[in-house]
2 protein chains.
Amino acid sequence: MTPCSVTVDVVVFTILDRSLHVLLIKRLAKPYSGRFALPGGFVLENESVDAAAIRELREETGVRDLYLEQLYTFGEPKRDPRGRVITVAYYALIPPTQTLHSTTDAAEAAWFRADELPTLAFDHAQIVDYARTRLRNKLAYTNVGFELLPERFTLSELQAVHEAILGEPLDKRNFRRQILQRPTLQPLQAWKPTGRKPAQLFRFKE
Amino acid sequence: MTPCSVTVDVVVFTILDRSLHVLLIKRLAKPYSGRFALPGGFVLENESVDAAAIRELREETGVRDLYLEQLYTFGEPKRDPRGRVITVAYYALIPPTQTLHSTTDAAEAAWFRADELPTLAFDHAQIVDYARTRLRNKLAYTNVGFELLPERFTLSELQAVHEAILGEPLDKRNFRRQILQRPTLQPLQAWKPTGRKPAQLFRFKE
DNA sequence: CCATAATAGTGTCAGATACACACTTAAGGA
DNA sequence: TCCTTAAGTGTGTATCTGACACTATTATGG
């Protein structure tokens, strides 16, 4: 029966400059003011925790239509100096096309390279680490890579996404052989002009 | 700031009769009284969520020293008829040797075969499903199997655990080849009398 | 228009891994 | 001592993984 506050915090990933970036917001309010933190906020009375994550993201960053997955719940009693606050952490993936519309709201929001983050408020550094590990692991056996790309993309772009997440270069031929045997990857009769030889476009079906 | 209650619920697994079992408690209190439910309860003011799971388990079932891992947080507004209650679900693994001491406390606690569960209170059936899937997946790349066995065990016992979790028979020779190349599996110079040819004992080191 | 630069796209071999499959060994009990 | 029962053991085949280098196609610039 003990009442306590529940928040959501979201690690939003995107790819910029062929490297993995995380969206952070500069805190204005009191605890850790001036520090960067993950977008997030309190869960309201009549909304699911998932819905709270979606709502907070839209309010603070303008981001919509994203891939969202629950990560882990952090519940150490002292993790928030204001009192007992349990947070349900999520991570989200958005394609770089959405990136442009993002940094709208009140608080200063900005993208940071995932391996060059500033000191974060609360236990948010730990949350980001957890999210990166999860993302790296899911890359092998799911289609999360596609969520960081626009609907139509080239295999080189997809490879760059994988390399950004794994933090290491991949062999082009091995990558293509493996990824092409996923039935969800659909080749299109369309080519993207790249400045040099045009690249075939693909999309992620289903 | 919206205050709401946070509970923990734990799916406790063990192996009995060479098949996977889940610990359930018969509810006495009002919502869903008479129904079986997962052991669990409210998170207190000054304890971490993990600590709450450990405490509730000990109170309701007498179980100690277990493998405990957070599963997922369920936060639909209507999931508890009493009001807004968010629950952090865990799963736990205990060796059958601990089983005997377990069903001590007030409420009626009992083991059920994982594939023959009664109708459960709240959304607990969904939580059990989620836990079984997680357990099945972790079996391949972690040492969770060992947590369901006493400290010293035979390879046949370990194989039976894997078969119970996966729900399918495994080839004895392939199983042994794979499991023996894990460096954490340590053969002992001790044999367990089985009624027939004695079986070599192993333990899980580190 | 020709040369150059840059990225797209393609195949093979070797080592490792996954999977199917059947007999021998050792002890207890009749 | 014979029978029963579970323990323990090896091989061949198909598949997957990982290393590795050249050709094709287009845009640009001289």
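## Helix H4 of chain A

In this predicted model, helix H4 of chain A runs over residues 155-166. H4(A) has 12 residues, and the distance from its first C-alpha to its last is 16 Å, close to the 16 Å expected at 1.5 Å a residue. After H4(A) comes Gly167(A), which has a positive phi, near 75 degrees.

Five names make up the buried set of H4(A): Glu157(A), Leu158(A), Val161(A), Ala164(A) and Ile165(A). Viewed down the axis of H4(A), these buried residues lie within an arc of 120 degrees, so they line one face of the helix. In general, an α-helix has 3.6 residues a turn, so residues three or four places apart point the same way.

## What the buried face packs against

The partners of the buried residues of H4(A) are both strands and helices of chain A. The strands are S1, S2 (19-26) and S8 (152-154). The helices are H3 (124-141) and H5 (172-180).

## Contact between chains A and B

Contact between the chains involves 23 residues of chain A and 23 residues of chain B. On chain A, strands S1 (3-16), S5 (67-74) and S6 (85-93) each supply at least two residues of the side that touches chain B. S1(A) gives the most to this side, with 4 residues. By type, the residues on this side of chain A are 12 nonpolar, 7 polar and 4 charged.

## Pairing of the two S1 strands

S1(A) also pairs with strand S1 of chain B, residues 3-16. The pairing is antiparallel and extends over 3 bridges. Pro3(A) is placed opposite Ser5(B), a residue in S1(B).

Technical notes
Residues are numbered from 1 along each chain as its sequence is written. Chains are lettered from A and ligands numbered from 1 in the order in which they are written. This is a predicted model: local features need pLDDT of at least 70, side-chain atom pairs count only at pLDDT 80 or more; totals for chains, interfaces and linings use all residues. Two residues are in contact if their C-beta atoms, placed from the backbone, lie within 7 Å. Ala, Val, Leu, Ile, Met, Phe, Trp, Tyr, Cys and Pro count as nonpolar, Asp, Glu, Lys and Arg as charged, and the others, Gly among them, as polar. Two strands pair if DSSP finds at least two bridges between them. The expected span of a helix is 1.5 Å times one less than its number of residues. A residue is buried if 20 or more other C-beta atoms lie within 10 Å of its own, exposed if 12 or fewer, and partly exposed in between; C-beta atoms are placed from the backbone. The arc is that of the directions from the helix axis to the C-beta atoms.
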